[in-house]
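Here are my comments on the model you sent.

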Amino acid sequence: MVENNSMIKDKQGFTQLNMPEAEVYYAPHFFTKAESDLYLQRLTEEVAWQQEEIRMFGKQLPLPRLTAWYGDKGYTYSGLYNAPQPWLPVLLELKEKVEAASGDKYNSVLLNYYRHGQDSMGWHADDEKSLAPGIASISLGGERGFAFRHRTRKDLPPVKLTLQHGSLLLMQGATQQHWHHQLPKTSRPIAPRINLTFRTIVG
Ligand SMILES: O=C(O)CCC(=O)C(=O)O
């Protein structure tokens with residue numbers, strides 16, 4: 001569900017969000033309910049989830065979510081180096097499906113496991129020089145709010161959506177240069193959620 005946005009284009013079940021200087025497409029039912037339930041179960045069981053820590057305010061703090069990094073190349077974000085683990089069959093299957101839908105090719109995937117509503121991801125852009133602009137984001141499990149805000153144009157309202165079980169969000173073009181995004185905490189009781197962002201590390 002897209003809250004305060006008009007649909008400006010439809011391609012293969014995708015709605016393009018009305019965001020200047022961005023190319024963002026959302027398909028709420030990219031996977032069927034049965035497929036989504038099965039992928040959620042497989043990923044919960046098969047992925048080597050880790051509790052990473054980051055240094056903030058002079059302290060080592062646990063990230064408010066579990067993470068895992070798979071693919072051909074390692075990746076550094078928030079000062080954390082993620083050594084790649086070899087692709088699991090289930091991840092290669094998902095990679096093929098999102099590549100066919102987006103027209104992009106990916107060589108790695110970051111997985112996030114949000115155990116409850118207090119797990120979250122703060123405002124950021126995936127704009128590292130080592131990343132190609134196209135990112136494909138799959139959501140499985142408890143539905144969570146997600147928001148974009150323009151990095152400099154304060155006249156533009158934030159764009160909010162609910163990321164549904166089995167949905168696919170494509171962030172392409174100049175999106176990361178001009179917009180930040182976040183997955184805020186919620187006080188609602190909420191089922192665990194898995195997010196996969198397929199990415200391309202260049203160089
Ligand atoms: O869990 C989400 O939907 C957000 C993930 C995200 O922003 C990221 O991995 O950069």
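**Notes on the ligand site and a loop histidine**

1. This is a predicted model. The ligand takes up the space that forms the largest cavity. Strand 9 (108-114), strand 10 (121-124), strand 15 (179-183) and strand 16 (193-199) are the elements that each give two or more residues to the shell around the ligand.

2. Which strand gives the most to that shell? Strand 16 does, with 4 residues. By class, the shell around the ligand is made of 6 nonpolar, 5 polar and 3 charged residues.

3. There are 14 residues around the ligand, and those that come nearest are Y114, H124, D126, H181 and R193.

4. For R199 the distance is 3.1 Å. Taken alone, the ligand exposes 290 Å², and the protein buries 98% of that.

5. How many cavities of 30 Å³ or more does a search of the whole structure find? The search finds 1. The volume of the largest cavity is about 130 Å³. Its lining counts 16 residues, and M121, F146, H181, N195 and T197 are the closest to the centre of the cavity. H181 is also among the residues that come nearest to the ligand.

6. The lining of the largest cavity draws at least two residues from each of strand 9, strand 10, strand 15 and strand 16. Strand 16 supplies the largest share of this lining, 4 residues. The lining residues divide into 6 nonpolar, 7 polar and 3 charged. For the shell around the ligand, the corresponding division is 6 nonpolar, 5 polar and 3 charged.

7. A separate point concerns H165. Where is H165 placed? H165 lies in the loop between strand 13 (159-163) and strand 14 (167-172). Its side chain makes a polar contact with the side chain of D37, at 2.7 Å. A polar atom of the H165 side chain also lies 2.8 Å from the backbone nitrogen of G141.

8. Strand 16 gives the most to the shell around the ligand and the largest share of the cavity lining.

Note on methods: Residues numbered from 1 in each chain as written. Predicted model: local features only at pLDDT ≥ 70, side-chain atom pairs only at ≥ 80, totals over all residues. Heavy atoms only, no water. Near = heavy atom within 4 Å. Polar contact = N/O pair within 3.5 Å; in protein donor to acceptor, adjacent residues only side chain to side chain. Areas by Shrake-Rupley, 256 points an atom, 1.4 Å probe, with all protein chains shown as cover. 1 Å grid on protein atoms, 1.4 Å probe; cavity = no way out; pocket = protein on both sides within 12 Å on 5 of 7 lines; lining within 4 Å. Sits in = over half its atoms within 2 Å of the grid points. Nonpolar A, V, L, I, M, F, W, Y, C, P; charged D, E, K, R; others polar. Points joined across faces, edges and corners; volume = space filled by probe spheres on them.
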